[in-house]
Amino acid sequence: MLAVHSLYGQIEPLVDYKYPQRKWVLNGEYSLEFEIYRSAINDESFDLLEGRSLIECEDDYFRVTQLEAGLEVDTPYKKVTCVNDVIDILSANFVYTELTGSISIVQAMNLITNGTKVTYALDGTFKNKTFEKFGNSYSYDLLKIILEKYKVEYDISKYHMTIKNRIGRDNDIQFRYKNNITGTDQQYDVNTLRTYVKGFGKEREETDISTGVKSTLVVDDFDGKWDNSTSEEIAEWNALNTGVGMGKKTDVLGDSLQFKFTGTGFSIDMICTWLGGKVVFTIDGSNTKTVSLLSADTNRVKTFEIIRGLESKTHTVDVRLESRDGKNTMTKGDVLPVFHQPTGKIITTYRSRVGSEKYYASTEYLSPNSNIPQYGILHAEPIYNDEITNETDLLNFIIGELQDYPLVSTQFDYHTLVNDTGQEIERGDAGWLMHEKLGIDIYTRIVEIVDYPGTKKTPVVTIGNVLLNGTGEILKIRKGK
C-alpha cells in the first residue's frame, strides 16, 4: 500500500495506481516508480501528487523527483518517479565545513548527517582513515566517499541508516542454475580477470637510501695552516682501534679541506676529542650543516648524517673549522679547538630509491586460480594504498582487490529460490553461485532487488559479484572471508 504526503502535510492513501516498481541496489539506487489515473476513489489523493511530495511505501519514504502528467482518452494520469527520502535529503544537504587528518567513521557520519533528520548506527569494526580534506560538498557525495574509504555498506529503514562492514548474512545458500534459480538475464565476463598483482603501500618521505658501503675519503685540497698530527697523538688514537685513521690537524679557525662524493647525500665518521670545536660542511657552495667534534669524556668516532635528498650526481664539499663549541670548557683563552682530519673508509653515500624501495611496504600475490590452464598468469595493474605501511595489511588488501574470478550477474524469480531452499533471503545475503556446465563456482551476493508493492507480482532478485553504477562503471563486490 502507498500513501501520499502532500507538500503541506496532508496524508491520503493512494489507490488505483498501476505498475509500481521499487528498486534497491547495494550501496546505490533505492527508488520507486508507478503510474496513477484519476478515478472516482482517488480524486483527492491524485491531486496531492506533486513534485517534492512524499510517498510512504511500507517502512520507507520516497520523494517525488520526476512527475509526468497528461491525458489518456480524457482521463488525467501521472507517471511518478521517486528516490528514497534519505538519499534525497543527503543529496540536497551541503556540508560547508571540512575535516582533515585522521578521521573516524563517527566523525565522518556526524559531519554528513548533522542538521538533518537522518540518523545512523554503526555495526562492525572501523579503522580511522586519513583525509587531506573531507567536506565542502553534498552529503550524499561524501557518503559515497565514506563507503569507498572505510569499505562499508549501508541499509535504510525509514530515516535510519545502518552502517556495516558488510550487510546481509553468510547463510550458505547455493544458487544453482536450473535447480533453484532460473536466470532471466545472465552476464558472464572474464575481460577483467587477472591472477597476479603487485601492491605498494605508503610512499616514503625520504627519496633516497643509504648504500650501506663505506668509501675512502680522498681530500682534494687543504686550505690554511694544517699540520701533521704528532706521533704521540696518532699512537694514542690508534690504540682505540676505531677503524678510523688520524691525518692532518688544524687549530686555526677558518681552515678547511675539500673533497667530492657522488650520490644524493652522505654521512661521515669524524674524530671527536676533548678539544673539539664546531665545523661547517658546505655542499655545492650553498647547503650547509654544522656539527660539533666535542667529546668531553674520551676520544671517539661519531657518525654524522650531513645531507641527503640531493640530485644524483657528483657534489663538492668544503669542511671548515668554524668556532669553539660553547659547551667546551677546555677551549678558552689561548686554547683553540682542534680539527683532526679522519682518514680511511669513513664516507657512506646515499642513492635514489628505485622501485619498491620508494614505499614502506610492497608485496605481490599470485592467485591459486593461475593454476587453471586456460587462465595462467594474467597481470593486473599495480595497486597502491597510501595508508598501508606493513606487508601483511598490504597483502590482505591486494588479495581483496584482485579480480581473479569471472564477473557474474544473473536475475531470478524470488519465490523459486525461497520455495526450493526454504530460506528467506534479504538484502546483501551471500552464497555460492554454481553452474556445472560453465564451471562456475564463485562467492556471490544479493546485489539488487526489484519488487512490486501492493501487487502479487513476483520480485526479481539479482545475484552477482559485480554491479554497474549509474555511469555503467563496473563495481566489484568485495570477496567473502
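Student: How many helices and strands are there in the protein chain?

Tutor: There are seven helices and 35 strands in the protein chain, where helices (H or I, at least four residues) and strands (E, at least two) are DSSP runs, numbered from the N terminus. This is a predicted model, in which local features need pLDDT of at least 70 and side-chain atom pairs count only at pLDDT 80 or more, while totals for chains, interfaces and linings use all residues. Residues are numbered from 1 along each chain as its sequence is written, and side-chain values use heavy atoms, with hydrogens and water left out.

Student: What radius of gyration does the protein chain have, and what would a compact globule of 481 residues have?

Tutor: The radius of gyration is taken over C-alpha atoms, and the globule rule is 2.2 Å times the number of residues to the power 0.38. A compact globule of 481 residues would have a value near 23 Å, but the protein chain has 36 Å. Along its principal axes, the C-alpha trace spans about 120 × 60 × 35 Å.

Student: What percentage of the residues of the protein chain count as buried?

Tutor: Buried means under 20% relative accessible area, exposed over 50%, and partly exposed in between (1.4 Å probe, protein chains only). By that reading, 44% of the 481 residues of the protein chain count as buried.

Student: Which residues have the most contacts inside the largest nonpolar core?

Tutor: In soluble globular proteins, nonpolar side chains tend to be buried together. A nonpolar core is defined as a set of buried Ala, Val, Leu, Ile, Met, Phe, Trp, Tyr and Cys residues joined through side-chain atoms within 4.5 Å. The largest one here has 65 residues, and those with the most contacts inside it are F34, I55 and M161. Apart from it lies another core, of 28 residues, among them L217, W237, I306 and L321. Returning to I55, and taking contact to mean heavy atoms within 4.5 Å, this residue touches L2, A3, V4, L14, L32, F34, L49, D60, Y61, F62, V64 and C82, not counting residues up to four places away in sequence.

Student: Which residues of helix α3 are buried?

Tutor: In helix α3, which covers residues 105-113, the buried residues are I105, A108, M109, L111, I112 and T113. They pack against α2 (85-92), β8 (94-103), β9 (119-123), β10 (129-138), α4 (139-149) and β12 (160-164). The helix α3 is followed by G115, whose phi is positive, near 85°.

Student: What is phi of N27, and what is it for N241?

Tutor: Most residues other than glycine have a negative phi, and most peptide bonds are trans. Phi of N27 is near 55°, a positive value in a residue other than glycine, and N241 has a positive phi of about 55° although it is not a glycine. N27 lies in the loop between β3 (17-25) and β4 (30-37), and N241 is in the loop between α5 (231-238) and β19 (245-250). N27 counts as partly exposed because its relative accessibility is 23%, whereas N241 is exposed because its relative accessible area is 68%.

Student: Why is P453 buried, and which residues does P453 touch?

Tutor: P453 lies in the loop between β32 (440-451) and β33 (460-464), and it counts as buried because its relative accessible area is 3%. Not counting residues up to four places away in sequence, P453 touches Y17, P20, Q21, R22, L32 and C57.

Student: Is D386 buried or exposed, and where is D386 found?

Tutor: D386 is found in the loop between β29 (383-384) and α6 (391-401), and it counts as exposed because its relative accessibility is 57%. Leaving aside its neighbours within four places in sequence, D386 is in contact with G201 and K202. D386 and G201 are 185 residues apart in sequence and 5.3 Å apart in space, C-alpha to C-alpha.

Student: Where does G276 lie, and why is G276 buried?

Tutor: G276 lies in the loop between β21 (265-272) and β22 (278-283), and G276 counts as buried because its relative accessible area is 0%. Not counting residues up to four places away in sequence, G276 touches L293, L294, D325, N328, P337 and V338.
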